[in-house]
Amino acid sequence: MKNEKTLMYQIAPTVRYMMGFVIVTRENNAIVIDGGRPADMPQLKKYIGGRHISAWILTHAHEDHIGGLVDELARDGGKDFDIEKIYYNFPPYSLIENHNVPNYEYFAEELNEMLPAFSEIEPQIRHKTHIVQQGESIVIDECRIDFLYTFHDGLYSNVMNDSSLVFKLVTPNKSVLFLGDLGADGGDFLFRESRHLLKSDMVQMAHHGHMNVGMEVYAEIMPEACLWCCPERLYNEPEMPSYLADTEKQFRNGRMRLYGTAITRKWMDILGVKKHYVVKDGTQEIEL
Ligand SMILES: [Fe+2]
C-alpha cells in the first residue's frame with residue numbers, strides 16, 4: 001500500500017499532558033516520536049494502526065514521553081508494536097553520584113523518574129536500539145531526520161529536559177523541528193552549535209510550550225506553524241503561573257530564564273506565526 005501524502009498525527013493526551021507523534025510515510029511505514037504515558041497507549045496504537053515502525057525516537061527519559069513504551073515492553077515485550085529501530089540518547093544514571101548540582105533532590109528525582117525502569121527493559125531491545133549522536137542523519141522512506149542536539153553533560157538545573165534530542169524532520173514538502181522538552185540552557189547550546197540549521201516550516205514547542213528554550217531559538221526557526229503538546233489549562237495559564245512565582249527559589253535552582261506559556265505565545269505573535277496546532281483541541285492531523 002502506498003500513500004499520496006506524508007501525514008503526521010499529533011496525539012492528544014488521555015490524561016494530564018504528554019507528547020506523542022505518529023508520522024505515516026508514503027510507503028505506509030510509521031515513525032513514532034515518544035508516545036506518552038501508559039494511559040496514552042490505546043490512542044497511540046490506534047494511530048500507528050499496526051504499521052511497521054521504521055523508527056521510534058525517544059526524546060528524553062520522562063514518563064509523559066516514554067512511560068507508555070517502557071510499560072508495554074515490561075508487560076509483554078511490546079508485542080503490539082512492530083519496531084525496527086529505537087533511537088535515543090539518555091544521560092547516564094551514574095550522574096546520581098554527583099551532588100555538586102543546584103538542587104540535588106530535584107536532580108535525583110529526575111534521574112529516578114524513568115532511567116531505572118528503562119534500564120530494566122533495555123536488554124530486551126538492545127539489538128534494535130541506536131544511541132544517536134549529534135550530527136547523525138537517518139532516512140526513512142521519503143523522510144530524512146537530522147539530529148541537531150543530544151545530551152550535553154553539565155546542564156544540571158533542568159537535567160532531564162535539557163537532555164532532549166532535537167531533530168529536524170525533512171519531507172519533500174515540509175520541515176518540522178522537534179525540540180522535545182528542551183529548556184533554556186540546552187537551548188543556548190543548540191543556538192550556538194546549530195543556529196544555521198534551525199530554520200523550519202513548523203516547530204514542536206519545547207516542553208509543552210512553557211519553561212522552554214529562549215526566543216532567539218524560535219526567531220532562528222522562524223516557523224509558519226507551531227505544534228503545542230499542551231492541554232487547555234497550560235495553553236491558557238496566567239502570565240505568572242504559580243509554579244514560577246517564587247523567584248528566589250527559581251534563582252537558587254538556576255532556573256531564572258524559565259517562563260510560562262503566555263510568554264512563549266507572545267513570542268510567537270511577535271514572530272507573526274498564524275497557525276497553531278494545539279492538542280487541547282484533540283488529536284491534530286497535519287499534512288507534511
Ligand atoms: Fe514532557
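How are the donor residues of the iron ion spaced in sequence? I read off D-H-x115-D-x26-H.

**Ground rules.** I am working on a predicted model, so I note that local features need pLDDT of at least 70, side-chain atom pairs count only at pLDDT 80 or more, and totals for chains, interfaces and linings use all residues. Numbering runs from 1 along each chain as its sequence is written, and side-chain values use heavy atoms, with hydrogens and water left out.

**Iron site.** I looked up the donors, meaning N, O and S atoms within 2.8 Å of the metal (3.2 Å for Na, K and Ca); water is not among the atoms, so sites may look incomplete. I found D64 (OD), H65 (NE2), D181 (OD) and H208 (NE2) coordinating the iron ion at 2.1 to 2.2 Å. The angles among the four donor atoms run from 83 to 163°, and the site is irregular. Helices (H or I, at least four residues) and strands (E, at least two) are DSSP runs, numbered from the N terminus. I checked burial too: both H65 and H208 are buried (under 20% relative accessible area; exposed is over 50%, partly exposed in between, with a 1.4 Å probe and protein chains only).

**Core.** Of its 40 residues, L44, W56, L58, F81 and F118 touch the most other members. Helix α3 gives the most to this core, with eight residues.

**Aromatics.** I counted 14 aromatic pairs in the whole structure; rings of Phe, Tyr and Trp (its six-membered ring) pair if their centres lie within 6.5 Å, with planes under 30 degrees apart stacked, over 60 edge-to-face and the rest tilted. Y88 and F118 are edge-to-face, at 4.9 Å centre to centre and 70° between the planes. This pair links strand β6 to helix α3, 30 residues apart. Ring centres of W228 and Y235 are 5.2 Å apart with planes at 85°, so I log that pair as edge-to-face. Both W228 and Y235 are buried. One cluster for the notebook: F21, Y87, F147, F167 and F178.

Notes: Four donors count as tetrahedral if all angles lie between 85 and 135 degrees; four count as square planar and six as octahedral if opposite donors are over 155 degrees apart and all others between 65 and 115; anything else is irregular. A nonpolar core is a set of buried Ala, Val, Leu, Ile, Met, Phe, Trp, Tyr and Cys residues joined through side-chain atoms within 4.5 Å.
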